[in-house]
Amino acid sequence: MTRISLTVDGQQVVDDVEPRMLLVQYLRERLGKTGTVIGCDTSNCGACTVHLDGRSVKSCNVLAVQADGSEVTTIEGLASNGQLHPVQEAFRECHGLQCGFCTPGMIMQSVDLLEENPDPTEQEIRLGLEGNLCRCTGYHNIVRSVQAAAKGATS
Amino acid sequence: MTTTATEIGRDRRRKEDQRLITGRTRWTDNMTLPGMLHLAMVRSPFAHARITSIDTSAAAAAPNVVSVVTGAELGEEMGVLINAWPITPDQVAPVHTPMAVDRATFAGEIVAVVVARSAAAARDAAELVDVEYDELPAALDLKEAAADTVLAHPDLGTNKSAYWVFDSAAAGTGGDVEEAIGTARADGIVIEREYRQQRLIPAFMEPRSVVVDPTGEQLTVWSATQIPHILRFAMAATLGIPESKLRVIAPDVGGGFGGKLQTTPEEWLAVVLARRLGKPVKFTETRSESLISGHHGRDQWQKLTLAATKDGTVTGLKVELLADLGSHVSLVGGGVPVLGAFMFNAIYKFPAYHFACQTVLTNKTWTDAYRGAGRPEATFAIERLMDELAAELGVDPLVVREQNWIKHEEFPFTTVAGLEYDSGNYEAATARAKELFGYDELRAEQQRRRDADDPVQLGIGISTFTEMCGLAPSRVLGQLDYGAGGWEHASVRMLATGKVEVITGASAHGQGHETAFSQIVADRLGVAFEDVEVLHGDTQIAAKGLDTYGSRSLVVGGEALVRAADKVIEKARPIAAHLLEASVEDLEFSGGTFSVRGTDAGMAIGEIATAVFAAHNLPDGVEPSLDSDATYDPVNFSFPHGTHLCAVEVDTETGRVRMRSYVCVDDVGNIINPLIVAGQVHGGLVQGIAQALWEEAVYDDSGTLVSGSFVDYLLPTAADTISFEIDHTTTPSTTNTLGTKGVGEAGTIASTPAVVNAVVDAVRHLGVHDIAMPCTPERVWRAIHMSSSAEGADQ
Ligand code: FES
Ligand code: FES
């Protein structure tokens, strides 16, 4: 067991974890942050995407111990004071989700993408989301959602 | 208060989304129960092997392990999985136990289960189960399996499961196909082709998961399933649990596409072990497990013979199919090709048709429904053939289609397959699609590139598809030997506060029922959209239902809802008359209010609900309830159609295909929520395009699934796809009140042939007439560069 101390969605947590425990397991099983989900076992799907110190990571690809001393934001911590994040809002507005399983990861990745590049072209959005799989939407409305969020932020 | 019909046709943002975009979702794998145990499966690495011994001692002794069981040990306790659609009375099918007993029949079949206090402990211990196998020859290649060269199940003596035939002459729906072909051979055109429908994997994003709680009187099963009701029935029928003692809940479910239209070994084993151990258990598959053991789709060889006159009028079609069932005949797997049988004639009105299908057992993962189920295969075949016929005639492929399709004034039209198409307008959809696409301009550009010998050639692909939705009239299902009916159930409950609770037997997993069904009921009852709550996916709440698949929820479930809502209004009418002190004849109901003709007196339905709840002042003999149920059995299928046009650029030097534009104009009848319809179309398109260009479940020579992870099974990403231009024409269905036709599968059905037609069209002038799916750069390159020596290129 290794002791870790980190901030998750604004709350300080201290825990003893097995060294092999993945960050996604830690979030789901220990903290009950079940908004972050697992879609694969090869780090291909991006469903588990969270922010680690402000940058998106696939939380199935990070050990919980590696998050020691860090700040983690999950989909559950994205809205602030009951206000949805503009990207969450845009996904709803543009019907950027159907079953919603990829959505937490998609939204977290999109937030990161827009922080890096506030005014992306369609192609830049598509490339920026390449690591996140969606089986429902055909990506069309996901791209629209990110465009809408960018437009809202820049206008 | 809303007025009449303001909700239907409105781009309502979805009610489901709040929880989904904030992570407040209830996926099955989120469930944790006190004392819950976890399962891990030990799976056969061999496609076909005798199990000589299983040593579970090391696993049983591992930390936190509670139990390790094998098929031999569980025996009859584990029950069997059912096949709900034996397509012929003499169908050959192996007994389908949830776990192998002495022989593993595909790589991925469960041979032992470890139960432990944590998922990690279960998985660790599963590694310690020592299974000895004697490898047996495996039946892997579909054609060879059909010839019985190697037997998938030696005890059955054959791999041939069922042979199913439809013949228009025998059925009295048309002429004799051999005669039509004979005539065409003498003085006409005969096109003969063989197409491969490669094996695909549904690959829903949420891995399947099941939690079973055996405490209390009832056994509660949470499952990531499309079919809670069917699952409950099947478990009750085979596990000796009274149906009333089983509650099945499908909480939030992350996609299905037919892949979760299944009764699975994992669900059976979870129930059996929870019952045996008296503790809650959970099993969640890994993605790799999902890909090797969740059912696959498609996997057919299609042998096609099309007869036509010299001027291009089609006179007959003969279809001979081989369909790979995999190792077992699963829930409806045997019936999938039969669903296609009625669609090969598509929108065309040729007079003679023959369909024959041989289903075949192999030592691969079992196949079953995948988005479209039988209809994409049929549509692909006929739409590819129409292009081939056009090429033979040297005319535009749209011309030959128009020459053969049913004209809008000919509806209702009874097809050569015996279905009655109620409505449609192929001319209108095609005209609109051509306009949006810039058809003539693109044809001109194509010519320029051909003339200039441009290394990048332009191809234009067409698909003028139709499909059958709204599965299904129960009587028809009975004639096809399906094990259940096709009705759907709905209830409308008027709550004391005047709000409305709607219960549907359909079970959504991404389709947006909570939103679209609220719109329907809000309109019908004249209440606010926000005041309607839709409940589904729990057999204790939605006691009756037949779940969601085959684009049936709206067409069948929506109609049930309309009828239940209408009954509420009729129950409210005498009460309204009584409260308003008027006669029933003087009342009219509009915009949610009963009013007395010619006066200002009126009462909203919500107010009547409150009065009914109090029940202080009701007419004599009237029950104090407005709640109503309806079970609706459709009278016919519905037949959405559309014209899809696709432009691709093919680099003749590398074989690379680049999607340039895609336009589709679908006629799905009246639309409840355009936003949701567009989403269904987009997602469907990409799944169909993926079959054309990228996806294939590949096995190696020993029967191991090579594409057994997301590294190798290539789901399209955002970077692979493009934005689509979609539009609609509307001919309402005449067989349901809302005039809807269903949209869940349209995109997938239409897009595969559109894309392959485009790829072939780009290089047809180079001598290519076919490229096998998926049209990878290698296959396209080979087709181009070998076309001079061989005809086309099949692989
Ligand atoms: S779960 Fe698929 S990338 Fe993390
Ligand atoms: S919305 Fe279902 S996987 Fe993306």
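Reader: Are B:E7 and B:R12 buried or exposed?
Author: This is a predicted model, in which local features need pLDDT of at least 70 and side-chain atom pairs count only at pLDDT 80 or more, while totals for chains, interfaces and linings use all residues. Residues are numbered from 1 along each chain as its sequence is written, chains are lettered from A and ligands numbered from 1 in the order in which they are written, and side-chain values use heavy atoms, with hydrogens and water left out. The side chains of B:E7 and B:R12 form a salt bridge with N to O at 2.8 Å (a side-chain nitrogen of Lys or Arg within 4 Å of a carboxyl oxygen of Asp or Glu). On the scale of relative accessible area (under 20% buried, over 50% exposed, partly exposed in between, with a 1.4 Å probe and protein chains only), both B:E7 and B:R12 are buried.

Reader: How many residues apart in sequence are the parts that B:D324 and B:R199 tie together?
Author: The closest N and O atoms of the salt bridge between B:D324 and B:R199 are 3.4 Å apart, and both residues are buried. B:D324 belongs to strand 14 (residues 314–326) of chain B and B:R199 to strand 8 (residues 189–200) of chain B, so the separation in sequence of the parts they tie together is 125 residues (helices, H or I of at least four residues, and strands, E of at least two, are DSSP runs numbered from the N terminus).

Reader: About how many helical turns separate B:E445 and B:R449?
Author: B:E445 and B:R449, both buried, pair in a salt bridge whose closest N and O atoms are 2.8 Å apart. They sit four residues apart in helix 15 (residues 439–451) of chain B, so the separation is about one helical turn.

Reader: With the side chain of which residue does the side chain of B:Y662 make a polar contact?
Author: B:Y662 is found in strand 27 of chain B and counts as buried because its relative accessible area is 1%. Leaving aside neighbours within four places in sequence, its contacts (heavy atoms within 4.5 Å) include B:L645, B:L685, B:F724 and B:V755. A polar contact is a pair of N or O atoms within 3.5 Å; within protein, one must be able to donate a hydrogen and the other to accept it, and residues adjacent in sequence count only if both atoms are side-chain atoms. At 2.8 Å, the side-chain partner of B:Y662 is B:H644.

Reader: What is the relative accessibility of B:V668?
Author: B:V668 lies in the loop between strand 27 (657–667) and helix 20 (674–693) of chain B. Beyond its neighbours within four places in sequence, B:V668 touches residues including B:P640, B:V677, B:H728 and B:V743. B:V668 counts as buried because its relative accessibility is 4%.

Reader: How many salt bridges does the rule find across the interface of chain A and chain B?
Author: In this interface, 44 residues of chain A are in contact with 53 residues of chain B. The two chains bury about 4000 Å² between them, 55% of it on carbon and sulfur atoms (buried area being the accessible area, with a 1.4 Å probe, that two parts lose on being put together, summed over both). In chain A, the residues that lose the most area to chain B are A:R92, A:H95 and A:R135, together 20% of what that side buries. A:R135 also pairs with B:E695 in a salt bridge at 2.6 Å, N to O, and across the interface the number of salt bridges found is five.
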